[in-house]
Amino acid sequence: MDLDDVDWQLLELLQADARMSYSELGRRVSLSAPAATERVRRLEERGIITGYSAQVDAEKLGRPIAAIVRAKVRSLDGTRFRETILALPQVLAADHVTGDECWFLRISCGSTGELESLVERIQRYGETTTSLVFSSPVRRRGITRQN
């Protein structure tokens with residue numbers, strides 16, 4: 001990707017605060033608001049910026065249990081696993097990875113009982129290993145320019 005310094009600055013600013021106004025973005029990168037708007041629009045059109053979202057506190061929404069479930073899904077069950085398990089609202093993120101445990105799922109539940117039921121459902125497709133999350137010191141770190 002041919003991104004210049006201003007594009008990278010805009011990306012870093014938007015990853016830190018996607019609600020920043022175009023006039024504030026422009027001010028921070030020494031562009032007019034219309035020029036900043038156009039730059040962001042081009043980044044969106046190129047598929048570099050793929051969307052905007054709000055970060056929420058799961059605990060304050062009644063889902064204090066965070067867990068990572070690693071699953072070794074049998075190959076014949078892969079399609080059903082994707083259709084059934086990945087669609088569940090407790091599954092916040094899913095990574096299909098190499099190795100024995102081919103899925104890493106980030107789970108958010110309201111109770112340990114709910115987590116237990118969810119893990120039992122996942123186990124219909126293969127073996128699991130579950131880890132409760134104590135804390136997440138790094139979450140959603142933005143991508144920055146690497147020189």
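These legends describe close-up views of a predicted model.

**View 1**
Helix α3 runs over residues 33-45. It has 13 residues and reaches 18 Å from its first C-alpha to its last. That span is close to the 18 Å expected at 1.5 Å a residue. The buried residues of α3 are A36, R39, V40 and L43. Down the helix axis they fall within an arc of 95°, so they line one face of α3. P34 and E45 are exposed on the other side. After α3 comes G47, which has a positive phi near 80°.

**View 1. Helix α2 and its buried side.**
Helix α2 covers residues 22-29. Three of its residues, L25, G26 and V29, are buried. They cover an arc of only 100° around the axis, so they sit on the same side of α2. The buried residues of α2 pack against α1 and α3. Just after the helix, S30 takes a positive phi of about 65°.

**View 2. Where α2 meets α3.**
Two packed helices are described by the angle between their axes and the distance between the axes. Here the axes of α2 and α3 come within 8 Å and cross at roughly 95°. The two helices are therefore roughly perpendicular. From α2, the contact is made by Y22, S23, L25 and G26. From α3, the partners are A33, A36, T37 and V40. L25 and G26 are also among the buried residues of α2. A36 and V40 are among the buried residues of α3. The buried residues of α3 pack against α1 as well as α2.

**View 3. The salt bridge between D4 and R39.**
Which residue forms a salt bridge with D4? The partner is R39, and the closest N and O atoms are 2.9 Å apart. D4 lies in the segment before α1 (5-16), and R39 lies in helix α3, so the pair ties together parts that are 35 residues apart in sequence. D4 is partly exposed, at 32% relative accessibility. Is R39 buried or exposed? R39 is buried, with a relative accessible area of 16%. That value counts as buried because the cut-off is under 20%. D7 belongs to this group too: D4, D7 and R39 are linked in a network of salt bridges.

The side chains of E38 and R41 meet in a salt bridge, at 2.1 Å from N to O. Both residues belong to helix α3, three residues apart. About one helical turn separates them. An α-helix has 3.6 residues a turn, so residues three or four places apart point the same way. E38 is partly exposed, at 29% relative accessibility. R41 is also partly exposed, at 33%.

**View 4. The salt bridge between R80 and D77.**
R80 and D77 meet through their side chains in a salt bridge. The N to O distance is 2.6 Å. R80 is partly exposed, with 45% relative accessibility. D77 is buried, at 8%. A residue counts as buried under 20%, and as partly exposed between that value and 50%.

**View 5. The salt bridges of the model.**
How many salt bridges does the structure hold? There are 10. Among them are the pair D4 and R39, the pair E38 and R41, and the pair R80 and D77.

How values were computed: Residues are numbered from 1 along each chain as its sequence is written. This is a predicted model: local features need pLDDT of at least 70, side-chain atom pairs count only at pLDDT 80 or more; totals for chains, interfaces and linings use all residues. Side-chain values use heavy atoms; hydrogens and water are left out. A salt bridge is a side-chain nitrogen of Lys or Arg within 4 Å of a carboxyl oxygen of Asp or Glu. Helices (H or I, at least four residues) and strands (E, at least two) are DSSP runs, numbered from the N terminus. Buried means under 20% relative accessible area, exposed over 50%, partly exposed in between (1.4 Å probe, protein chains only). The expected span of a helix is 1.5 Å times one less than its number of residues. The arc is that of the directions from the helix axis to the C-beta atoms. Contact means heavy atoms within 4.5 Å. Axes are lines fitted to C-alpha atoms, for helices over the stretch in contact, and angles run from 0 to 180 degrees between N-to-C directions. Angles under 35 degrees count as roughly parallel, over 145 as roughly antiparallel, 65 to 115 as roughly perpendicular and the rest as oblique.
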